[in-house]
Number of protein chains: 2
Amino acid sequence: MAVTIKDIARKAEVSRGTVDRVLHNRKGVNAEVAERVNSIAKEMGFSPNRAGKVLAARKQPIRFGCLLPSIGNPFFNDLIAGIHLGEKELADYGVSIDVLQVKSFDKNIHLEAIKRLKDNRYQGLCITSIDVPEVKEAIDDIVISGLPVITVNTDITSTGRLCYVGPDYTHGGRTAAGLLSMMNNEEKLFILIVTGSFHIKGHNERIKGFTEGLEAHKMNFEVVCLLESMDDDEQAFTLTSECLKQNPQINCVFIAAAGVKGACEAIMHLHMQDHLKVMSFDDIPSTKALVKQGIISFTLCQEPRQQGYIAIQKLFSHLMSEGKTPMEDTITKTIIKIPENIED
Amino acid sequence: MAVTIKDIARKAEVSRGTVDRVLHNRKGVNAEVAERVNSIAKEMGFSPNRAGKVLAARKQPIRFGCLLPSIGNPFFNDLIAGIHLGEKELADYGVSIDVLQVKSFDKNIHLEAIKRLKDNRYQGLCITSIDVPEVKEAIDDIVISGLPVITVNTDITSTGRLCYVGPDYTHGGRTAAGLLSMMNNEEKLFILIVTGSFHIKGHNERIKGFTEGLEAHKMNFEVVCLLESMDDDEQAFTLTSECLKQNPQINCVFIAAAGVKGACEAIMHLHMQDHLKVMSFDDIPSTKALVKQGIISFTLCQEPRQQGYIAIQKLFSHLMSEGKTPMEDTITKTIIKIPENIED
DNA sequence: ATGAAAGCGCTAACAG
DNA sequence: CTGTTAGCGCTTTCAT
């Protein structure tokens with residue numbers, strides 16, 4: 001049977017209340033007593049019982065807040081589903097979650113949203129934002145005020161955030177290169193890269209991983225064009241169409257971000273799908289359909305649902321352990337999807 | 001705030017004890033009262049609070065038993081790790097787990113092990129066994145006695161088991177065919193299939209999925225040999241060596257079960273690795289190494305860790321909800337692993 | 001500064 | 001047949 005607060009109290013010859021005070025570093029305990037209780041607790045290997053904590057805490061339910069740039073971006077649907085799964089599983093423990101959705105990556109919108117979350121007195125935050133100095137400052141501000149913050153999907157580096165939960169973008173790019181190298185029969189690759197934005201680190205890392213991977217495999221390749229779709233399908237359609245027309249030698253399209261549907265429509269419009277190997281990321285419904293149709297050879301996913309779910313679980317764990325256990329980053333897997341396993 | 005037993009008691013004008021009795025279908029309650037309480041509970045949307053249940057149940061800790069044919073089969077290491085992860089997460093709720101490991105698939109050994117589990121008064125069982133009549137009977141026997149049973153990794157069909165947690169073997173084979181079709185440049189495939197046992201359904205389903213998948217892709221192929229390794233590396237080595245020597249036209253090896261290392265050693269011995277596409281299942285350490293070396297083109301994994309973890313979580317959920325929520329099967333994903341993402 | 005007691009939701013034991 | 005009570009581990013409040 002696990003050791004409880006009562007056991008410690010008995011051994012230390014104090015009351016349960018005192019033990020509780022010591023364990024939470026609350027003021028008003030004699031230093032010697034505190035020392036004694038602490039060492040006994042450690043010695044006995046005490047770890048608080050979740051069920052007990054949760055039950056006692058029911059009077060003040062736990063609330064988490066999330067910030068996601070998810071408006072107009074179906075990728076986040078699965079991530080949000082993961083968040084809600086976590087909420088459901090923790091409902092018995094009094095946890096409820098608010099998701100604040102914003103549109104795109106405008107710095108001021110994000111700063112304002114973060115401020116709103118801060119003012120809303122949550123017990124924990126879960127944030128996908130942009131890695132710029134102002135946001136970093138805002139995050140650190142929150143962390144200093146004692147509120148735990150987990151970054152999701154996109155890290156915000158060098159801040160006091162608890163941990164990061166999300167993909168390794170470079171790894172995704174490298175995996176695409178690895179698969180492509182297995183599929184290619186020594187003919188030279190003329191590659192069109194369609195990225196989302198030159199200013200988003202994850203997109204750049206995917207491209208870097210991809211080209212580095214091709215080099216590592218000693219592939220004979222040339223990047224013919226590098227287009228910026230601004231994660232917009234129309235933009236992707238227009239730019240891809242033009243590029244393909246002007247560069248008929250292209251035999252491979254690497255879509256590093258959103259705009260998958262637009263780029264693929266351009267390809268289909270020009271009836272080039274049979275002569276092109278197309279790779280993409282994520283599996284939003286339109287991408288799924290394109291994989292099933294065989295337009296896209298494969299798409300790489302990075303467990304969006306798990307990202308949301310794990311982030312919530314970690315916030316809760318952190319609260320339960322009062323931050324005494326260090327939090328490690330969780331890097332989600334790179335999942336290869338082809339027509340056969342896209343529905344998994 | 002969620003509705004509690006107390007709320008129901010007040011509304012039904014009975015005591016909490018009575019409500020508890022009704023909710024657990026215990027004898028000794030006036031039929032009319034029971035009816036009233038039940039309808040009020042339903043109406044108010046009552047669902048028992050886990051934390052409360054768990055705390056109250058601490059006097060009689062929960063014990064689960066598992067049966068795995070894991071001795072000498074490293075595949076099960078990850079599955080066991082998943083079981084222990086579940087145990088760790090539920091430790092606060094008084095859950096502990098015994099894993100009974102047996103060697104191979106001998107019917108009598110399994111029957112005896114199942115008997116031992118039954119006699120051991122667990123609150124739930126998690127079983128990987130063989131789908132034969134005697135085992136079915138033994139399982140049904142246990143289920144009838146009121147003990148929930150979940151089948152893991154290999155289903156035991158048409159029994160009263162709660163649900164199955166594990167892969168879809170056919171799907172795995174079909175995915176292998178899909179990937180192979182993407183990698184192949186129209187030359188005819190001469191295929192050697194190395195299976196584990198002709199009597200294990202999962203192995204047969206993988207082969208069926210594979211050949212059906214190749215047909216669906218209109219691949220030009222011929223199965224030259226079909227070998228039975230008995231999941232043994234030495235056996236696999238010997239048979240594969242002979243077959244490859246006698247059939248030099250073979251350019252593709254499909255390893256449907258264990259024996260991966262043996263088969264690959266035969267290939268390397270004959271220096272044929274550069275002329276063969278090799279596919280396998282699972283990612284035990286030796287298989288991982290072979291993928292990284294490039295001997296195996298890809299290996300397909302079916303989330304062994306998740307299988308163990310989910311099975312335990314489901315058993316616990318079932319206990320917590322007193323079996324009032326129906327349990328659905330969980331089919332694990334088919335994960336494609338190539339050198340770049342094998343460590344994920 | 002510390003102890004005592006109540007209560008979170010649920011179940012089990014006892015009392016009628 | 002049903003109500004009452006105690007207690008699981010923990011936190012909080014009140015009393016000392």
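A:Glu13 sits in the loop between H1 and helix H2 (16-23) of chain A, where helices (H or I, at least four residues) and strands (E, at least two) are DSSP runs numbered from the N terminus. Phi of A:Glu13 is near 55°, a positive value in a residue other than glycine. This is a predicted model: local features need pLDDT of at least 70 and side-chain atom pairs count only at pLDDT 80 or more, while totals for chains, interfaces and linings use all residues. Residues are numbered from 1 along each chain as its sequence is written, chains are lettered from A and ligands numbered from 1 in the order in which they are written, and side-chain values use heavy atoms, leaving out hydrogens and water.

**Positive phi angles**
- Most residues other than glycine have a negative phi.
- A:Glu13 counts as exposed because its relative accessibility is 70% (buried means under 20% relative accessible area, exposed over 50%, partly exposed in between, with a 1.4 Å probe and protein chains only).
- A:Arg121 also isn't a glycine, yet has a positive phi of about 55°.
- You'll find A:Arg121 in the loop between helix H6 (107-119) and S3 of chain A, and at 68% relative accessibility it counts as exposed.

**Around helix H1**
- A:Ala9 belongs to helix H1 (residues 5-12) of chain A, and with 5% relative accessibility it counts as buried.
- The C-alpha atoms of A:Ala9 and A:Ile40 are separated by 9.3 Å, with the two residues 31 apart along the chain.

**The sheet**
- Chain A has an open sheet of 6 strands, with parallel pairing and the order S2-S1-S3-S4-S5-S11 (two strands pair if DSSP finds at least two bridges between them).
- At the edges are strand S2 (95-103) and strand S11 (330-331) of chain A, each pairing on one side only.
- Strand S1 (residues 62-71) and strand S3 (residues 124-127) of chain A run parallel and are joined by 4 bridges.
- Opposite A:Leu67 you'll see A:Ile127 in S3(A).

**Surface patches**
- A:Phe198, A:Val223 and A:Leu226 make up a nonpolar surface patch with about 230 Å² of accessible area together (Shrake-Rupley method, 1.4 Å probe, only the protein chains shown counting as cover for residues).
- Patch residues have over 30% relative accessible area and no salt bridge, with like charges joined within 9 Å and nonpolar side chains (Val, Leu, Ile, Met, Phe, Trp, Tyr) within 5 Å; a salt bridge is a side-chain nitrogen of Lys or Arg within 4 Å of a carboxyl oxygen of Asp or Glu.
- A:Phe198 counts as partly exposed because its relative accessibility is 37%.
- A:Asp232, A:Asp233, A:Glu234 and A:Glu265 form a negative surface patch (Asp and Glu count as negative, Lys and Arg as positive, and His and the chain ends are not counted).

Notes. Charge placed at Lys NZ, Arg CZ, Asp CG, Glu CD.
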